[in-house]
Amino acid sequence: MADDLERRFERTVQSEARIEPRDWMPDGYRKTLIRQIAQHAHSEIIGMQPEGNWISRAPSLRRKAILLAKVQDEAGHGLYLYSATETLGADREDLTLKLIEGRQKYSSIFNYPTLTFADVGVIGWLVDGAAICNQVPLCRTSYGPYARAMIRICKEESFHQRQGYELLMTMMRGTQQQRDMVQDSVNRWWWPSLMMFGPPDAESTNTEQSMAWRIKRDTNDELRQKFVNMSMPQAEALGVTFPDPELRWNDERGEYDFGQPDWDEFWQVVKGGGVCNEQRIAHRRKAHEDGAWVREAAVAHAAKHARKEGAA
Amino acid sequence: MSTSWPLWEVFVRGKRGLNHVHVGSLHAPDAEMALRNARDVYTRRNEGVSIWVVPATEITASSPDEKDPFFAPAGDKVYRHPTFYVIPEDVPHL
Amino acid sequence: MSFDNAYESLLGGEDAHWAFGTGFSEALSGVNREFPAGVDREALAAYCLMLGDDALIFSQRLSEWCSRAPELEEDIALANIALDLLGQARMLLTRAGEVLGRDEDALAYLRDEREFRNVHLAEIDCGPGPGGDFAATIARLLVFSSWRLALFSRLRGSADPVLAAIAEKGLKELAYHRDHAAQWTVRLGDGTDESHRRMQAGLERVWPFVDELFATHAVEVTLTGVAVDPASLRSEVDGVLEAVLNAAGLTRPTDTRAARVAGMAGRDGVHTEAMGYLLAEMQHLHRSLPGAVW
């Protein structure tokens, strides 16, 4: 029986059909998915903070509205993704506790600080751009609810990237001070953006099994290369440079050569040593804890109401 | 007391003449708030959209694949949420 | 849209994605923007600033909840309300700017505190800062949206076609805001001992700022037929608040009278101490880079 189930699962995955919530699936597949989707959901929720940092100070009302709408979208993305984990038997409250207790991770990029308004644009362009590279293949991931959430998210992310790039184009047409601000921001975010694809394939532990299960579709290094290829013409059109002396076109490969990020810094930030790690988690924990009495009150009201209806 | 809100499945009819289609799920303390949250989260308050919210625990689901081991030990309890299960347009109302 | 080439996705795409508050030209397209004959334009501009500043400053306060709300669904709901109000503010400041020869950003970012005309209720800290909590935020939203809904309902008949159109559009939004606040007031009032206590305290926090909402200002007297006399809204708004508080099992606070400062308040450009800090944060970047384009 178990073998039959496993064979059917494998066949479904191999044939590019989707696994749906009530299908049998190997425990490892379920656990890997919950971990990956939860991490992704946490990233969306923590990712609200670095950009949210500028809502109150946005320099025009139009930018304020766009930024608020964007950060709100991220709350929505987190919500869709937590929902996808709930189809696997996970629970949002439990995952939130894992996040604020440091038992589950989120994308390290959000442990970098947003220091100027140009960072809002660069996050849209490079960070959301890198996220899109990572996420587009996930629209075809083997688990149905995850794939469907990703389709919706990718559509919105591409708007985010567009607004970021548009902000930067506007700033580059502005004063010299603004152009300097954009270049400074690019210098700070370029390497962390490359790190978003994860460690080099040789050091990545999860890749192989995830590829076989069609949870992941491309390796870290493949996606990183694709991102660099995509970003270079965009940087040229914008009039900024990336802080990598090794970055140049390779005619033979038909791709850009580029240097390696500082992987020591990467691991340091992953392990909690980034500028904002503690701040981000403390912020999320405070929101969750401060909201407890509100959530509890709503549950209590609903229970009283249900009792009254039952008695009537 | 538990502070977490129950899960609701959200069905939206984008315009008149169409069936309600499952669009996702959300958490809310009760049906009224679930409806309001659904409007904010899934329709962005687009008017002319009809919304149903159903407690996830109230949905009885068959297995998506007939040959699926419906009564297999691992087959039912844990995966109780049919979230994101897309209902085809031609399926009549529940 | 191609997902394989992000450069393409940068160049194409639909603007309709940004559902709330990021653009408003369509909402008012086709509305006659000429000033009606006989209207005191300076007074019209002042009135638009009053209503626009109410929305702008309250939106600024509400957006402080972004990433801090009690649950994700509520985070999204509060952001929607903040975006609605920001949209209303932009339309109203733009209308004022048509008289004053300044655009919405010049009015939002380059006026000093004494030139802002919002009521105090919009500017005080009701949380997530130390001045309040979610209950105080809901209490403010309940009072503010009940009052503004009544106001906009009458403003639909304004002799200024732009104000009438802004009111028409804002009415549906405000009905939603009031409903959201009322739903929460009932849940918090009825929920647990703690939520009841906090909701009552939230009402006590905002009630001293209620009288100001209904005080008739000279500008509103000048603009008969264009502006709404807020004094005329009192009984309607009182009735709404009474009904919600009754349903929630809450007591209507008796302290409605925050004294004015030498006879002046928000409509005269005299604010609370919180306002200076709010503006310092909101305006700092815009003012730091004169000549910049955003």
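## Polar pairing between chains A and C

A polar contact is a pair of N or O atoms within 3.5 Å, where, within protein, one atom must be able to donate a hydrogen and the other to accept it. In this predicted model, 18 residue pairs, both members at pLDDT 80 or more, are in polar contact across the interface of chain A and chain C. The salt-bridge rule finds three salt bridges across that interface, and one of them joins the side chains of A:K304 and C:D190, with an N to O distance of 3.7 Å.

## The side of chain A that touches chain C

Seven helices are listed here, in that α3 (48-52), α4 (61-86), α7 (144-172), α8 (176-195), α10 (220-238), α12 (277-290) and α13 (292-311) of chain A each supply at least two residues of the side that touches chain C. Of these, α4(A) gives the most, with 17 residues. By residue class, this side of chain A divides into 30 nonpolar, 19 polar and 15 charged residues.

## Extent of the interface

In all, 64 residues of chain A are in contact with 63 residues of chain C. The two chains bury about 5800 Å² between them, with 67% of that area on carbon and sulfur atoms; A:L61, A:R162 and A:W293 supply 14% of the area that chain A buries against chain C, more than any other three residues.

## The fold of chain C

Chain C has twelve helices and zero strands, and its radius of gyration of 20 Å is close to the 19 Å that the globule rule gives for 294 residues, so chain C is as compact as a globular protein of that length. Its C-alpha trace spans about 60 × 55 × 35 Å along the principal axes, and 61% of its 294 residues count as buried.

Note on methods: Residues are numbered from 1 along each chain as its sequence is written. Chains are lettered from A and ligands numbered from 1 in the order in which they are written. This is a predicted model: local features need pLDDT of at least 70, side-chain atom pairs count only at pLDDT 80 or more; totals for chains, interfaces and linings use all residues. Side-chain values use heavy atoms; hydrogens and water are left out. Contact means heavy atoms within 4.5 Å. Buried area is the accessible area (1.4 Å probe) that two parts lose on being put together, summed over both. A salt bridge is a side-chain nitrogen of Lys or Arg within 4 Å of a carboxyl oxygen of Asp or Glu. A polar contact is a pair of N or O atoms within 3.5 Å; within protein, one must be able to donate a hydrogen and the other to accept it, and residues adjacent in sequence count only if both atoms are side-chain atoms. Helices (H or I, at least four residues) and strands (E, at least two) are DSSP runs, numbered from the N terminus. Ala, Val, Leu, Ile, Met, Phe, Trp, Tyr, Cys and Pro count as nonpolar, Asp, Glu, Lys and Arg as charged, and the others, Gly among them, as polar. The radius of gyration is taken over C-alpha atoms; the globule rule is 2.2 Å times the number of residues to the power 0.38. Buried means under 20% relative accessible area, exposed over 50%, partly exposed in between (1.4 Å probe, protein chains only).
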